[in-house]
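Let's take a walk through this assembly together, one region at a time. Keep the viewer open as you read.

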Number of protein chains: 2
Amino acid sequence: MARGPTRIVDIAERVGVSISAVSAVLNNKAEEARISPQMQQRVWAAARELGYQPNIAARRLRAGGHGDQSTYLAIATSLETSMELLGKVVRGVQQFAAGSTEPIQITVETFRRGHVDKLPGLLDGTRFNGAIIANTAPEDDEFLATATIPVPVIVFLREVSGRSWVSSRARSAGAQAASLFMSAGRQQPAVLVPADQTQVRLERQEGYIQAFRDAHFPVAQITEIVSDAFSEEMGYRAVSGFLASGGWCDALFAVGDIMAFGAVAAIKAAGLRIPEDIAVIGHDDLEMARFIDPPLTTFRLPLIDMASDAAAMVLGMLHQHRHSTAHRIYDAELTVRAST
Amino acid sequence: MARGPTRIVDIAERVGVSISAVSAVLNNKAEEARISPQMQQRVWAAARELGYQPNIAARRLRAGGHGDQSTYLAIATSLETSMELLGKVVRGVQQFAAGSTEPIQITVETFRRGHVDKLPGLLDGTRFNGAIIANTAPEDDEFLATATIPVPVIVFLREVSGRSWVSSRARSAGAQAASLFMSAGRQQPAVLVPADQTQVRLERQEGYIQAFRDAHFPVAQITEIVSDAFSEEMGYRAVSGFLASGGWCDALFAVGDIMAFGAVAAIKAAGLRIPEDIAVIGHDDLEMARFIDPPLTTFRLPLIDMASDAAAMVLGMLHQHRHSTAHRIYDAELTVRAST
DNA sequence: AATCGCAGCTAAATCGTTACAGCGAAGTGT
DNA sequence: ACACTTCGCTGTAACGATTTAGCTGCGATT
């Protein structure tokens, strides 16, 4: 039993029959192969007792001849994330695959945030031909920067040295939010960030703060409101807590719409008006941003195009057989709505 | 060239070297295997010219010995869907996998709505040991009901005859919404549904309408507002159009929160008050439901538990080697908020 | 008595890759 | 002149499943 997973040959031995017979039975081809009913029973019984699971890799290898030998492109993401990003990435990659001449199989693989090193197939190349990795934590980025990875990999919305990536000019978005607030004459800016920061969101924050500095804005400190997690709920609690404890600001930049939604609800619940008392800017332009009250001023990244591009880059690397890296940076576009 | 995808042996022949040598070079093991630099160059060049892609199945089969021979559990979903459901299903399955003694690999496979029959690996068992299928269209359900599928499959949020499924008591949720409106003395109920209905949402609608009928509610017709798609935007447009064209109702049940969000915005934009003029009930209890203005009364399904259950059922079927079916039904729980 | 047909199997090839155990030639040391 | 090492490879056995082409008895037919 220490032999590891049960194979067809194990069943064959136990029953005392050939592996062809077992295969026929298990594939419901017993009639064609003229296997007697009692033999079928014995095979099924043995399969159940031994806990047989077909080996998918072997099956696919065998079937591969006439079937689809396509390129496997993985979208790897950590789960501790809003699914909206994943949806757009999948859509973008599909868009690329639809326009590609070669057949591409898209799979979504998941890893625990900070544990991308355990992503199956990443280090041994046994799961996919290439991958787009999104939602990495700093530990993941560090791992990716130093590890030897046998398949082409592209990092999404991160800039990892030594790797190819597709990212955004995050600082500039932050700076743009800052100048919008400054030109509106706001006096006390704040920024809402999650405790588990990601690289691009951190850069948005930095760009925002830096822009005030650069403009010699007469404020000693830009208030930083930290939310326990990247969610509506935590955004709400962080801002509620801030306001309840006597905090004050008249301009709030949330580094993600999800948190901005919570913030907007918190501000209204505190009896303050948006934008009169506090102006709010978000980032991501989720569909919901237009439908909250008031509609949210926010930045939008062309995520679908970016993902499509990332897919093209992976395929390019795949064909080059080179270890060169490529990078692409996109700008976020600001949509001004009633919240500012 | 008509041979299909390039294999290692093709490269070996072209370069005039053994396949072991090629393998060593391509796996960056050239140093250990003592392959001369010029030979490495020639191998890489040939690989590039021939467009070599390693066969993942073969690699995994080979590596399988010491590696992870785990059970592959697929979550298959159509893409024309909000990702929020997918996220919860993935989380539920992961939760189950974490508590399971045997190693389970989770993959997300996608299909085009109405084309689940083209889902790779579904008919030939070459991709996964078992699958949870969500977001099917009626055509998909029909296919699943009649097709011979070699792997255990469980349908999520659908009741497909001849298959195992995990679903919800959707009619009863609709009926509950109706009785809430009736007991509040509402006069003219309406229901907001998407044009591309799904089974559970259709049943919510039917249960809602039936409940009014059963109560001999004095209304000839329950207004049905049809949204072009299941999205905030389309929900908004449908309700705006309805109100602008002189339509009237004082109670609206949206079969999904996403559409309810659009509806709420539309009602407010039309100058009507919620719930004074129109009461609104949604379904799904998305996190955002608590943070819109007014907070939305809505139903919640324990999707994560349901998905975990579905995973357990697939594993059960896998071990039984039986073609029996199993079913589980969950009730939605109503959370009353300010929108009613 | 020889042949035929059929039931009920078996043997072996195959899919593409990797790992491991050599093997001949050239160079080095004594 | 001989053994020994190093270099630069080669040959082949797996990995686990499916498929195709048989093969062996046995009863029935001619």
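How many nonpolar, polar and charged residues does the surface near DNA strand D have? By class, there are 14 nonpolar, nine polar and five charged residues. Please keep in mind throughout that this is a predicted model.

## Around the DNA strands

The largest share, five residues, comes from H2(A).

Now turn to DNA strand C, which has 27 residues around it. A:Ser18, A:Ser20, A:Ser36, B:Arg7 and B:Asn55 come nearest. Here H2 (19-26) and H4 of chain A each supply at least two residues, as do H1, H2 and H5 (56-63) of chain B.

## How the two chains meet

Chain A can be laid on chain B by a turn of 180° and a shift of 0.0 Å along the axis, with an RMSD of 0.1 Å. That is the relation of a two-fold axis. The copies meet through the same surface, because 100% of the interface residues of chain A are also interface residues in chain B.

The contact takes 61 residues from chain A and 62 residues from chain B. On the chain A side, the elements that each supply at least two residues include helix H3 (37-50), strand S1 (71-78), helix H5 (83-98) and helix H11 (303-320). That side of chain A divides into 26 nonpolar, 21 polar and 14 charged residues.

In chain B, helix H2 (residues 19-26) has four residues listed as buried: B:Ala21, B:Val22, B:Ala24 and B:Val25. Seen down the axis of H2(B), they fall within an arc of 160°, so they line one face of the helix. These buried residues pack against helix H1 (8-15), helix H3 (30-33) and helix H4 (37-50) of chain B. Just after H2(B) comes B:Asn28, with a positive phi of about 60°.

In chain A, look at helix H6 (residues 138-146), where A:Asp140, A:Asp141, A:Phe143 and A:Leu144 are buried. Seen down the axis of H6(A), its buried residues fall within an arc of 160°, so they line one face of the helix. A:Ala145 and A:Thr146 are exposed on the other side. The cover over the buried residues of H6(A) includes strand S4 (153-156) and helix H8 (199-214) of chain A.

## Backbone details worth a look

A cis peptide bond joins A:Asp293 and A:Pro294, with omega of about 0°. A:Pro294 sits in the loop between strands S9 (279-283) and S10 (297-300) of chain A. In chain B, a cis peptide bond joins B:Asp293 and B:Pro294, where omega is about -5°.

A:His216, with phi of about 50°, is found in the loop between H8 and strand S7 (223-227) of chain A. Is A:His216 buried or exposed? It counts as exposed, because it has 7 C-beta neighbours inside 10 Å. B:Asn135, with phi near 60°, lies in the loop between strand S3 (130-134) and helix H7 (138-146) of chain B. With 23 C-beta neighbours inside 10 Å, B:Asn135 counts as buried.

Technical notes. Residues numbered from 1 in each chain as written. Chains lettered and ligands numbered in written order. Predicted model: local features only at pLDDT ≥ 70, side-chain atom pairs only at ≥ 80, totals over all residues. Least-squares fit on C-alpha atoms with pLDDT ≥ 70 in both. Contact = placed C-beta atoms within 7 Å. Buried ≥ 20, exposed ≤ 12 C-beta atoms within 10 Å, placed from the backbone. Arc of directions from axis to C-beta. Nonpolar A, V, L, I, M, F, W, Y, C, P; charged D, E, K, R; others polar. Near = placed C-beta within 6 Å.
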